[in-house]
Amino acid sequence: MQTAQSPVSLEETARWYEGKSFVTDWTSWHFPNWMKLLAPYRDRPTRLLEIGSWEGRSALFFLNYLPQMQMTCVDTFAGGQEHQEAASRSPEDAELLRSVERRFDANTGAFSGRIEKIKASSVDALIALGVAERRFDIAYIDGGHRAREVYADSVLTWPLMESGGLVIFDDYLWEEMPDPMDNPKPGVDAFLKSIEGQFRMTHNDYQVAIAKI
Ligand SMILES: C[S@@+](CC[C@H](N)C(=O)[O-])C[C@H]1O[C@@H](n2cnc3c(N)ncnc32)[C@H](O)[C@@H]1O
């Protein structure tokens with residue numbers, strides 16, 4: 001019998017996506033690392049905050065891998081800078097952007113009882129969650145990729161985290177944009193500097209993960 005303690009193979013994760021509708025996959029290559037980082041949470045009733053959900057690929061991983069987790073997904077479903085620029089250049093990308101929210105809803109529909117979807121800018125949503133005194137055990141920051149957006153999302157997420165909570169930053173080493181300030185790294189670096197002594201680094205590569213002390 002499979003339990004939350006059983007290891008999960010990549011073949012099994014592939015089955016979680018059968019019958020779903022995706023156009024993009026920036027995400028699956030992180031699964032082996034996420035399995036390691038999230039293994040301690042598998043049999044616990046956790047609360048996970050995701051900033052940037054797109055078509056729901058990362059959300060589906062978290063929902064399947066953490067069977068007792070409740071998830072809050074924040075997204076404008078309007079795309080980030082890179083998606084909007086692509087949409088302005090190509091009709092295919094424009095159509096992709098128009099259909100993203102529809103695909104997120106269809107792909108995650110089976111989990112609707114475990115998902116709170118907040119369609120809003122991350123800054124507005126995070127402020128509202130803070131005022132409501134909401135707290136989370138895990139956060140995945142994968143919204144706007146400009147340094148200032150990543151910084152704002154990080155600063156507003158940090159007070160929502162329980163001590164011991166895990167924050168994963170996507171695309172720390174992504175450098176697609178010619179202006180360095182349009183890439184995540186300066187935002188993550190500035191945020192980590194501002195909370196020196198308050199976290200333990202648990203992963204530092206293309207993605208960064210920290211645990212709140
Ligand atoms: C890279 S995609 C997320 C991919 C998703 N986590 C996955 O791995 O399947 C980034 C998402 O962030 C959203 N986004 C960008 N800027 C945002 C903002 N300021 N507030 C809320 N969502 C935003 C975009 O609409 C897009 O869906």
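Student: What classes of residue make up the lining of the largest cavity?

Tutor: Its lining has five nonpolar, three polar and three charged residues. Here Ala, Val, Leu, Ile, Met, Phe, Trp, Tyr, Cys and Pro count as nonpolar, Asp, Glu, Lys and Arg as charged, and the others, Gly among them, as polar. Among the lining residues are Ile-141, Phe-169, Asp-170 and Pro-184. A word on sources: this is a predicted model, where local features need pLDDT of at least 70 and side-chain atom pairs pLDDT 80 or more, while totals for chains, interfaces and linings use all residues. Residues are numbered from 1 along each chain as its sequence is written, and side-chain values use heavy atoms, without hydrogens and water.

Student: What makes a space a cavity and not a pocket?

Tutor: On a 1 Å grid over the protein atoms alone, a cavity holds points where a 1.4 Å probe fits but cannot get out, whereas a pocket is an open set with protein on both sides within 12 Å along at least five of seven lines; lining residues have an atom within 4 Å of a point. One cavity of 30 Å³ or more is counted, and the largest cavity has about 50 Å³ of space. The largest pocket holds about 770 Å³. Of its 42 lining residues, His-83, Asp-142, Gly-143, Gly-144 and His-145 are closest to its centre.

Student: Which space does the ligand take?

Tutor: The ligand takes the largest pocket; the rule asks that more than half of a molecule's atoms lie within 2 Å of the grid points.

Key
Points joined across faces, edges and corners; volume = space filled by probe spheres on them.
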